[in-house]
There are 2 protein chains.
Amino acid sequence: MPPFPEAAHPFDAALALTRQDGTNYLGATHPAWANMVGPFGGITAATVTQAILDHAECLGEPVALTVNFVAAIATGPFVLNLRIARTNRSTQHWVFEMQQTQKDGSVESVFTGTAMTAARRETWSANDLPMPQVPPPETLAAAHIPQGVEWLTRFDMRGVLGGLPHTWDGAESILSSSESSLTQLWVRDRAGRAMDFAALTAFSDIFFPRVWVRRAQWVPAGTVSMTVYFHADSAQLSAVGSGFVLAQARGQVFRNGFFDQSGCLWSEAGVLLATTHQLVYYKE
Amino acid sequence: MPPFPEAAHPFDAALALTRQDGTNYLGATHPAWANMVGPFGGITAATVTQAILDHAECLGEPVALTVNFVAAIATGPFVLNLRIARTNRSTQHWVFEMQQTQKDGSVESVFTGTAMTAARRETWSANDLPMPQVPPPETLAAAHIPQGVEWLTRFDMRGVLGGLPHTWDGAESILSSSESSLTQLWVRDRAGRAMDFAALTAFSDIFFPRVWVRRAQWVPAGTVSMTVYFHADSAQLSAVGSGFVLAQARGQVFRNGFFDQSGCLWSEAGVLLATTHQLVYYKE
């Protein structure tokens, strides 16, 4: 693994890439963002967002991103291929794929996706997703962080609704099977790193699987595809600073191994920052 | 342009591709699916769904699809590059890009995306998006089809809520600026072609821009990215046959040139077939 800059915040350290040639970048998974298996999906997605923004030919700011977790990402180095598919007058389209060398020496794809950036202009605007009324974060206790999931310790989470059970032993669960899988939580970077497009990408993947809330039961589950629509521009993200974001997600349809989820992120001032959707695999 | 099979339904004719080599297919836009500029986006997206299903190595059935309309597709031939990025035990990931030769001889990308197929197994399931109570399609008048939009004549649409104005002259509009941009309509193939994954893909793009309903005003608008999550399997789609589908869409956030839309498709029997999302460009 390449060395990480010691002084950097672990988020920026994880996003660091070394450009190899025209479209290939070398990176590596970072231990601060380890999930139960492989890295937190949000950090992988954020790596691409940052690579696009850092690209010398990048036009505008992110407006749409779709990522696919096509296989478990192994701890260690990866190569990100990122290229511009099309540049228009005010919009630009990106295609990317992440590969890892396997134990047998073969090179396999682990992550694919597309993104769009745009130079936005002021137009008529309306928000039909106003922030729900919830208690302010300061009045809520910090969420219980289950042991052994390193990336969760990077965040300060304050649960509002639809939290994780304290234990997974069924009988002692604080949850009961629910009519909906709605979760609302306040979340911010624990080390005070300011909000930006990469962070907003990572925050979009912060929800644990809806199927756990809906069934009050632990089953293996993992995101297979995530889409983020960025509604905020960089000025609106700067205004968030290191403040809390209200994150909301709800499962829609659970059927034969896959469910979809619809989510939103608002700043504490009530500005809708992003809408996000996932398709999630689950077992049993 | 290659000749189209005369006997085929115009939907199947438009989907016809000729394989050139390992990953490249030759196709062409079909006049029956012309939009105001270029082809109906849903037919382009459906072409990819069908190409994946027709691929000799296809594993399972579609579960997720994201397409990006990266530039206007010109009337005429195109080359679709479609490849498998990864095959797992029960899931498979696809990457595709459509290119057209420009007047100056250069080859440019016009369409990109990713898809996922899976061999699904029966699991615990739940639908948190029950079909809304609406009048049955037989009791509703066929929607007014604006002149000059050929693809609309391929469908039998019965508006329930949030329809198009009859005229676009402002004062005579039947619409008024709305608190929400909710549209519900019954829709089926006018020529009785049966529902399948390609048709479900096309039906997912059937909604006119939400910004027209929300503002009661015509402004230039076009889909730039669409995601479809397929919840139905082929047996559930077969059961739809040539029946009506209830299609619902609602805009979420309209800001500085882009809005997002969230949609659902149900069979007349109330089976949730797909959820779908779009990011749409609009002017002014």
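Predicted model: local features only at pLDDT ≥ 70, side-chain atom pairs only at ≥ 80, totals over all residues.
How many residues lie between β4(B) and β5(B) in the hairpin they form? Three residues lie between the two strands.

**View 1. A hairpin in chain B is built from strands β4(B) and β5(B).** Strand β5 covers residues 91-101 of chain B, and it pairs with β4(B) in the antiparallel sense over eight bridges. To find your way in, look for B:Thr87, whose bridge partner in β5(B) is B:Gln92.

View 2. A handy landmark is B:Asn24, which has B:Asn81 in β4(B) as its bridge partner.

**View 3. Strand pairing also crosses from chain A to chain B.** Look for A:Ala126 and you will see B:Phe254 of β11(B) standing opposite.

**View 4. Chain A and chain B meet with 53 residues in contact on each side.** On the side of chain A that touches chain B, strand β6 (residues 107-118) gives the most, with six residues. Sorted by class, this side of chain A has 23 polar, 18 nonpolar and 12 charged residues. Of the interface residues of chain A, 100% are also interface residues in chain B, so the copies meet through the same surface.

**View 5. A rotation of 180 degrees superposes chain A on chain B.** The shift along the rotation axis is 0.0 Å, and the RMSD is 0.0 Å. The two copies are therefore related as by a two-fold rotation axis.

**View 6. Chain A contains five helices and 13 strands.** Its radius of gyration is 19 Å, close to the 19 Å that the globule rule gives for 284 residues, so chain A is as compact as a globular protein of that length. Along the principal axes, the C-alpha trace of chain A spans about 55 × 55 × 40 Å. Of its 284 residues, 48% count as buried. Among contacts in chain A with a separation of 6 or more, 68% come from residues 24 or more positions apart.

**View 7. Chain A is divided into two parts, domain 1 (10-118) and domain 2 (137-282).** Their C-alpha centres lie 22 Å apart. Where they touch, domain 1 of chain A brings 27 residues and domain 2 of chain A brings 25 residues. On the domain 1 side, the elements giving two or more residues are α1 (10-15), α2 (41-54) and β3 (61-69) of chain A. Of these, β3(A) gives the most, with nine residues. This side of domain 1 of chain A divides into 19 nonpolar, seven polar and one charged.

Conventions: Residues numbered from 1 in each chain as written. Chains lettered and ligands numbered in written order. Contact = placed C-beta atoms within 7 Å. Helix = DSSP H or I, 4+ residues; strand = E, 2+ residues; numbered from the N terminus. Nonpolar A, V, L, I, M, F, W, Y, C, P; charged D, E, K, R; others polar. Pairing = 2+ DSSP bridges. Least-squares fit on C-alpha atoms with pLDDT ≥ 70 in both. Rg over C-alpha atoms; globule rule 2.2 N^0.38 Å. Buried ≥ 20, exposed ≤ 12 C-beta atoms within 10 Å, placed from the backbone. Domains from an automatic or database assignment.
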